[in-house]
Every structure is written in structure tokens, then in C-alpha cells.
Amino acid sequence: MANVSYHIANLLEKMTSSDKDYRFMATNDLMAELQKDSIKLDEDSERKVVKMLLKLLEDKNGEVQNLAVKCLGPLVNKVKEYQVEMIVESLCNNMVSDKEQLRDISSIGLKTVINELPAAGGGGGLATAVCKKMTGRLSAAVARQEDVSVQLEALDILGDLLARFGALLMPYQMSVQEALLPQLASPRLAVRKRSIAAIGYLVMSCSQGQFNKLMETLLEELAKNSSTSTTRTYIQCIGTISRHAGHRIGEHLEKVIMFMVEYCKVEDDELREYCLQGFESLVRRCPKEISPHVPTIVRICLEYLCYDPNYNYDDEDEIMMDLDRGDTDGEEEYSDDDDMSWKVRRASAKCLEAVVATRHEMLTEFYRAISPALIARFKEREENVKVDIFHAYMALLRQTRPAMQAGGDGGDMVEGDESPLALLRSQVEPLVKALHRQLRDKGLRARQGCFTLLQELVVVLPGALADHVPMLVPGVQFSLSDKNSSSNMKIDTLAFLNCLLIHHNPVVFHAHIGNLIPPVISAVGDSFYKITSEALLVLQQLVKVIRPLDQESTFLFDPYVHDIYECTLVKLKAADIDQEVKERAIACMGQILCHLGDRLQVELRVCLPIFLDRLRNEITRLTTVKALTKVAGSPLRIDLSPILVDCIQVLASFLRKNQRALKLATLTLLDSLVKNYSMNLSADMISAVMKELPPLISETDLHISQLTLNLLTSISRVRPQSLTLVSSAILPEILVLVRSPLLQGGALNAMLEFFQALVASNLPGLTFKDLLQRLTEPVYQTGASVPPIHKQAFHSMAKAVAALTIQRPQEAVPVVCQFLSDLQNWTADSVQLFALLAIGEIGRHTDLSSVDDLMRLLLDSFSSHSEEVKTAASFALGSVSVGNLSQYLPFILQEITDQPRRQYLLLHSLKEVISCLSASPQAVKMLEPYVESIWNLLLQHCECPEEGARNVVAECLGRLALLKPEDLLPRLEAYLNAQSPLARATVVAAAKWTLAEKPRPHVDALLRPQLPRFLGALGDPDLGVRRVALVALNSVAHNKPALVRDLLDSLLPRLYGETRVRNELIREVEMGPFKHTVDDGLDIRKAAFECMYTLLDTCLEQLDIFEFLNHVEDGLKDHYDIKMLTYLMLVRLASLCPSAILQRLERLVEPLKTTCTSKIKTNSVKQEYEKQDELKRSAMRAFAALLAIPDADKNPLMNEFLTQIKSTPDLQALYEGIQKDSNNSAVTDSTNVMDVS
């Protein structure tokens, strides 16, 4: 401390020197000291440093003054509070000084102090004290009108203060507002502008009462319309307010819009521009309230989009100018510095963009009204305006993307003549014609805008430009070869060309290849790496175009092969180029060899060794593996023999690496090599690979296991003699994997294929009996030391046994007889479970009617004491029936009728039959003769008293209805009129199963007209039926949202009705001496809120978000389960509809605060504590999501709760933990994305 004080004293002494260089160096050294975190000043040093720096602000030398100001920043956080107040006091005094230089430097000082003050959460006391001292002085300075420069600086600083500490200024905000409002009428335009900016920051944190008073004042002034100049200012101010606090302006919107519409008619371009900017801001920030006015705003924007009173557009002249570009200066000859009409047109275009971007539901109307108008204005003479018009049209195209995806699952979006896509398709021709004139425009921004717009069009409407390629190619050529084209221009042109090639049939381009390839090859040789990189991507696509391998083509590509190869080879060979170019050169050469390799036999000897070299390079190896995978998979069978031996050794070593993406790509390449180049692979080469495979077969990474098993299957089919390692090293790993509870999907199927290939190879020690014995051995082992087998593993093992019998069908019946014997002789549940599952899996593929007593033994297992064995017996009976439908299905149907006690299990067997035979059209034909009898039987059991049995009946009815939808869906619908509520609930549940399947256009078309009847059950008088209807609505909203979007207007009131707590459904139950409250309506409320959550994801455009929020607010005060759901909804809503959430922030924060601060009774059990902790965590997560919304931190209530959190240790720890979790999950997500790539 003493050393620091001594050093500081030395510096202070030098600062008093008469030599300006001494003063400068001393101040610089002080700056360096203050920036050190370790420095601590004693009280005396603090006082001296502050005094000296304030003195240096008046130094005659400007450089010393500047350094002294910079020192104030770090000093603020190093000295005590009263010293900071003294600095502020002095700076405020100097700011109103007569000396201009001192005023300026003091203003900079105040801004520095404001920026460096600790945020409200940390050192709130210091910030509050400084704000208190500063605000009064600044407000007084603002009110002083005799010195404009003082006013301007004070307004600037006040704006900074409000922006950073608006919430702390709450007590002084009214006086600030009173000081600011008169300045809007100042004769100086600069004063008005800065006052507007300060008011913009003020409204972010002021109280609602003060906000209303401000708006009323502004509207009163607007009504007076004392002068056009002040009217402009007030309109501009309202626009700024709507940008900063649009969520608050809703209740004043009617008057604001009325004035803006009126003032748009005044002949004043600047006023019109401000009105249009105001419209844009209101459209973005007040989505609900602005809805009735959108048509008016669109009409005004379309009118002023064409507003160009000083220029005559003559289409014929333009066409002539296009034909003769030698005289392209015609447009630029016109110049009028006083013409401000372009600002009006630009504001109109921006406003239209805002309307299009926020009103999804009006897309069809936009294509009718806005799209043609924008296309007609592509001829705009002012480049800035033209670019904004392009942006507005791109917003329209981006809005069409969700419509296109919706069309994918709904099936009707593309078909209708009035759908957005159909309207867009009809406008493609005029659009291309209008852009065609711009593609050779001198303005680079306009040309870039053209290509970006066309690219967006191609993404939304693939193939749309097929007929217009001849018009576009000259423009592409021009932009790539024009010497005046910037790098970005060329990159955008290449990106468009790449997109065009990807989304169109290759035949479309064959007539233009001669014009496209030379400029692209030239771009590959460009000195700027980004252009080269983009050009290599385009070249890759061109290779696919000139010789498509997936379709017949008569195009003569030979003249281009050599040039394409040579230009890529140059980049492939280069070692001193950008990494991205290296990777794309490798990928491009891989594509060239894949498509043109048979024309490059000689060149292969040069090219392939370079690939081998790149394969050995750690940076380029992954890209090279992917490129070689393309080459190896080519139908041209490219000769890879020059590098195959070395390549296999390197690839085998890759299987030991930790890089997952490399292992995945390597396994795919090896599989391709084994399938296509087996004759070139020696036993040693395959052996080198086989040695690396055992560690890759593991449940820790099922995807790698799947690819490894695929490779083993390929090897066993083409080189079975190479499988020597299987029995000792690989099979044990597979047998461990088969017992994993995680094994499923692709990995399981890959394993079954491998077992079949292994049996077919018939190698010693790997015969059918050997494999069967090794597979089933763990099931029959007993003893305490034997680890138990997971229930899921029995299913995988049973499938594996069945896979063996498929390859050796003659063994199926003996194996089943053995399992039946085990069923009778073994009492262990695990053996019985496995035996039944294996019999079922084998019976699915094999007719077991020759096995005696099969049915009797399976039915006997229905009486087992173990529920798992009963379920397995039910599965086995259903699966065996699939193998011989005519014998066993009538038996099951009869048993369902005769055995009411076994009905549930028998229905499960029937469900298994229907599920298995729904998989393929051939299987459906086998089931067709029995559909009628099954249907009638199921309808008889619709009213089962047992809910479990009814659920199975519903699933069977739903799956069966999909087999003959034309006949069965109307019959299912008719059953909705049944008297029994149980029958109605079953039918609605059956409809849910028809809706849960993957989209089938044929079935969906039949379901659409009947869906209102099924979902109309939301109005059923029975509670159970309504709950099932909600589950069905949730299912259709999740799986086929296009079917339900048009019905939501009628369904949502009923859905919202079910979210309310109904007192008549709450009852008290006596449990001994205690009374327990039971809410019979809880389940249906949970179903309603779950449905609301799904609709948020799939049907957001159809929801009135404010009505939706009303019910979310109610849910925040409901039961534990409902609260958890609504917290999840808040997190989603915060990202999907931030502006709507901002308007309801106060009402949403209060219940979150109540939950987070609630205390649990001291005598509560452990589960109660855990539930409460989880509830608090979820509420805090929702609060953190709300706080992340832009401008939410300016809300006083949010700030108050945040301060409370930071002052309460438990809540602070919880809040920090959630923030840490969210940061970690973001990092993890990005890591996963990279890993997958």
C-alpha cells in the first residue's frame, strides 16, 4: 500500500510540471496503474488523484485533457462513493461553463463516468447516488435555452443516463419528462432530435401513468397541428416511443393511427416519411392492436411506393435502354438535390416488409395485392430504395416457406389455385422479366439484391426458373466477368448459381454449359480464397449437371472434362491455400472422379496419390474420406488400385481415433470398398480392418455399432473366408450388445442382417446350432453371480433367434418345439418370457400350424402369475397368427368372445396381428377378408368397463380404419352418436390413432371432412369423452397440423374452457382422521394445457396470442402439474412472441415471484420439499427466459424481482445455476452439431 501511495504521489508531482510532455507521461502512467485490478488507494491518495485529474481537465494541452478524461473511467471503480459524487459535481459545474473546450471535455467525462458505473445489480448504491446528483443538474441544463451547445450535450448525457439506469431514475422521471417535452418545440432541429432520443429511453422504464400522460400530451399537440415542422417532430417522437416501448402504446393506438393516416395526406415528404416509419414500428411492436388497421397501412404504403412526382418512367424507353446498354447513363443524368420523394418510397418499402414479416395469416392477400406492386417497382431508379423493395419481396418469400412445409403435411397447399404457392408460381414470369433488366445494372447492390431474391425464390419454389434460365445466364456471366464486380458480388452470384443448379433438372442447363463453365473455372482461379471456395462448390454441382448418374442423358460432356479437372487439380495440389479451399477442392475432385473418372484414366495416376497424401494429413483426412466414399460408390467403377493397399491401412488406423465423425465416415467408405472392390482386397487388407472392429461394437455409440455391423455383413457376403476373427473377438462383443436395453432401430436391424449373413456363410464354429446356443445361453444360466438380463434385451435376443431361422427355415419348427418344452419344464419367469417372445418372432415369419399343442400352451401362459409372461404370451399368440392367418385369427376372435376374463390379453394379440399386417400392401391384402368380422367384434367391446381393454379396442379400430378408410371412417364417425359415453370415448380415441400415423395424402383427404365431428367431442357432456378429445386434438396438432388449422376458430374456445378450475369437480375424501381434497378436473386441465403447448409449436399463426396468454396466466396459479406446464410455455413464448409477452410482463412475473419466494410447511415430507424445489427451479427458468427478452430488463417489476433474487442467497444460487445450465446446454448443442457434421 505504501509503495503504491509513494508511486502515485510521484506521478501527481510530475502532473504539476510546466512541461506538457511530463504531464502527459505522468497521466499515462496513472492510467496504467488504475487499470490494474490489484491497485488499492488510501483515502488521501484517492482525494489527491481526483483533485489532480479534475484540474487536468482544464489543462491547456488537449492531449493531456483527453488522457485525464480516460482516467476517469477506471478511477470510478477504484475510489469511494463520495469521491465519485465529487467528480460528478465538478463535471456538471464545468459542463455549464463559459469555456467551450472545458464544456466539451466535461461532457465526455460525464459520459465516461456513466458508462463505467457498476450496473444496478452490483453497486446499486453508487449508481443511485450518482443518478440522483446528475439528473437534477442535467434537467436544469436542458431547460436552459440561451446556450444551445450546453443543451445538446445535456440531452446527450441524459439519454445515456436513461438508457443505462432508467429504472434507478424512477423518482426523478417526471421532472425529466417535464424538462424534455418543451424541447420538442425548440427552433433548433438538433435539440428536437436529441430530446426525442432521450424520451425514447425514458419510456422504457417509466411508470404506466407517466407514459399515459406523455402520450396524451403528444396527441394533444398533434391535434393542434400548429406547424408542419413541430408536427413532424411529434410524429417522429411517437415512432421512437413505439420502437422503444411499443408494447405499452396499444391503448393509444387508435388516435395515433388516425393522426398518422391524416398527416400522410399533407404535401410534405419528410412528414410522410416519419408517418410511414411510425407505421412500420407500430406494425412490429403492437401486433394485436394494429390488426384492424393493416389494410389501411398496406393501401397507404402501396400508394407511396410508386410516389415519384419528379420522374417519368417509360417502360418502352427502358426496354430500348436494355437493348442498347451503350447509353446506360440515361437514368443517372436526372439529378435533383431537393427531391426527397425517394425517402417516402423507401419508408413505404420498409413498412411493407414489416407488414409481410409479421402477418403470416394474410399471406394469400399479400400475393394478390403486394406482390404485383413490388414486382412493378423493381424498375425503381434510386438504388437504396430498390434494395429495400427487394428486401420486402424476400420477406414475402421467407413467409412462404412455412406455407410450403405446411403444404407438405396437409397435401392441399400446393394444389389450390388461390394458395400462396400457386399465386407465386403464376407471378414468376413477370418477376423474372422485371429482374432480368436489373441483372446488368451498374449498381452492385441492386445486382446483389437480384441474385439474393432469385435464390430465395428457388428455395421456396424449386424448379420455378426452369423456363427462364436463358434469361438469367447472361446476367450471371456478366457479374462473374465484369471487371467492376466486387468480391461480394461474385460470391453472391456463385451462391445463386449453386442454388439454381441444385434445385433444377440438369437437362435445363445443358444448352448453356458452354457459357457457364468458363467463368466458373476463371472464378476457381481467383486470387481471393472466398471466391475460389464458392466457385469450387458450383463446379461440383456442374459436374453432376453435365453427366447426371441417376438419369439418362445425351449431353456431350467430353469437351469440358479436361478443363474442369485441370483447374481443380491446381487447387488440390496447392499446399499453401486456405483450409476451406483445400477441403472444397478435395470434395470437388471426388465429385469429378465419381462422375467423369472413366474419361480420366491417365490422370488418375496423378490425382489418386494426392488423395492418399491428403488422407494422411490430420486436417484434411475427414474431407478426403468423404470424397473417396463418393468415388468408391460410383457406378463407373473407378480404378482405385494405385492407392488401395495404402488407403486400407490408413483407414484401419482411423478406426482407433477418438474423432467420432471420422470413424463414421471411415466405416461408410470401408463398406463401400468391400462391396464394390472385393476382388482387389487381399486377405491381409481385410484382416487389418477386422482387427480394429471389436472395440467399435458397443452400446455407448449405437450409430458406430450399426455401421460396423453393416461392414461385417458386407465382408461376410463377399469374403466369408475372412471372418476368422468373428468367433473369438467380434461375436462376444455382439452378444454383449444384444443384451443391451438400448439396442433398437437401425443398430438392431444391422445386427439381425449380420446374423443371417453369418449363418449363410456356414463357417466352422458359426453354424446355426452354434449361434443359437451362444445366443440363448445367458437366458438359461442361474445363480447369484449371473447378472440379470434387462426386459428389453429379451426382445432383441428373440428377434436374433428368429433371424437365424429365416436363413435356415427347416430349423424353425424344431426350435419352436424346444422352446415349448422349456415353457413347460422351466419355472423361471425369464426363461418363459424369452421362450414366448422367441416363438412369437419365429411364428411371424413361419407357419407353425404343424406344431402340436401350440395354441393350448400359449393360452395356458395367459394364467401365469407374472404380468410380463402374460404380455409375452399375448404377443406370441398375435405374432404366430400372422404366420398362418386362416387358422389362427378366427381362433383369436372366438376366444375374445368366449373368454371375457382373458379379453384384455386376447385384444392385445389381435392388435399385434393388425399392427404386423398394416406394414405393407401385400400384408393388408391378407387381412382384408377378416376386416369385417374384426370390426364388428371390436364395436361390440367399445363399452368394456375396463379402461385398458377399451384403449386396446380403440387402437385396433384406429389402425383397422386406415386399411379401408373409405368404408370404415364414416362408420366410425357414425358411432359418435352412441348413447354410452364409454363408446363415444373409445371412438374418439380410435380417431386419435388414425391421426397419429405418418401423413398419408389419401387418408388425410378422407379424414379432413370428418375431423370436425371427431374433435367436436370437445363439447361432449361427459368429462371422459372431452379428455380423450383433447388428447386426439393434441395428437393431430402434433402429427398433422395442416388438418386442424382451419378448425381452430371453433375448437379453441372449448379448449380454453377446459383450462379453468371447476369447483363442482373438487370433492373431499375422508382418509381415516384426515380429509383429502380430490380434483376430478385436474386430468382434463392437464390435457388442455398439453394441447396448448403443442399448438404453440405447430399452429402459432392461428392463435390469438393475447387470449392464449390469459389462460397461461390462470395456469400459473393452478396445481403443481399445471404450473410446470405453463412455465415451459412461458419459456417457449419468450422466444416465439417476445413483443406480446412484454405487454403482459407485470401479470406474468407476479405468480413467478410468488412461487419462488413461497415457503413450505416445516412438517412436510421429503417429497413435498423435492416438488417445491423443482417448482421453484422451473419458475426461475421461466423468469430467466422472460429476462432474456430485449427491453424486459427495463421493466420496474422485473428489476425489483431481480434485485430481490440477488439479495436472497438461496434464490441467487438457483438463478446463477440456471444461467450456467443454459450456457452449458448452448455449448453442448453446438458441439453436437459439429460432431454430427
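A residue is called buried when its relative accessible area is under 20%, exposed when over 50%, and partly exposed in between, as calculated with a 1.4 Å probe on protein chains only. Asn762, at 47% relative accessibility, therefore counts as partly exposed. The model is predicted, so that local features need pLDDT of at least 70 and side-chain atom pairs count only at pLDDT 80 or more, while totals for chains, interfaces and linings use all residues. Residues are numbered from 1 along each chain as its sequence is written, and side-chain values use heavy atoms, with hydrogens and water left out.

The protein chain has 1237 residues, of which 54% count as buried. The C-alpha trace spans about 115 × 95 × 80 Å along its principal axes. The chain holds 61 helices and two strands; helices (H or I, at least four residues) and strands (E, at least two) are DSSP runs, numbered from the N terminus. Contact means heavy atoms within 4.5 Å. Among contacts between residues at least 6 apart in sequence, 74% join residues at least 24 apart.

Domain bounds come from an automatic or database domain assignment. Among the domains of the chain are domain 1 (207–310 + 341–359), domain 3 (507–637) and domain 4 (640–758). The centres of domain 1 and domain 3, taken over C-alpha atoms, are 54 Å apart. Asp308 is placed in the loop between helix H15 (294–305) and helix H16 (315–323). With a relative accessible area of 7%, Asp308 is buried. The side chains of Asp308 and Arg345 are joined by a polar contact of 3.3 Å. Such a contact is a pair of N or O atoms within 3.5 Å; within protein, one must be able to donate a hydrogen and the other to accept it, and residues adjacent in sequence count only if both atoms are side-chain atoms.

Helix H31 (residues 641–654) has 14 residues and reaches 20 Å from its first C-alpha to its last, close to the expected 20 Å. The expected span of a helix is 1.5 Å times one less than its number of residues. H31 has a kink of about 35 degrees centred on Cys647, where the bend at a residue is the angle between axes fitted to the seven residues ending there and the seven starting there. Cys647 is one of the buried residues of H31. These buried residues pack against helices H29 (604–615), H30 (621–632), H32 (660–676) and H33 (683–690). In the loop between H30 and H31 lies Arg637, which has a positive phi of about 50 degrees although it is not a glycine. Asn762, in the loop between helix H36 (745–761) and helix H37 (768–780), also has a positive phi, near 55 degrees.

Helix H49 has 16 residues and reaches 23 Å, close to the 22 Å expected. Ser980 caps its N-terminal end, with a side-chain oxygen 3.2 Å from the backbone nitrogen of Leu982. Within H49 (residues 981–996) lies Thr986, which is buried at a relative accessible area of 2%. Not counting residues up to four places away in sequence, Thr986 touches Cys942, Arg950, Val953, Ala954 and Leu957.

Strand S1 (residues 1066–1071) and strand S2 (residues 1074–1079) pair in the antiparallel sense over six bridges; two strands pair if DSSP finds at least two bridges between them. Glu1068 has Thr1077 in S2 as its bridge partner. The two strands form a hairpin with two residues between them, and Gly1072 in the turn has a positive phi of about 65 degrees.
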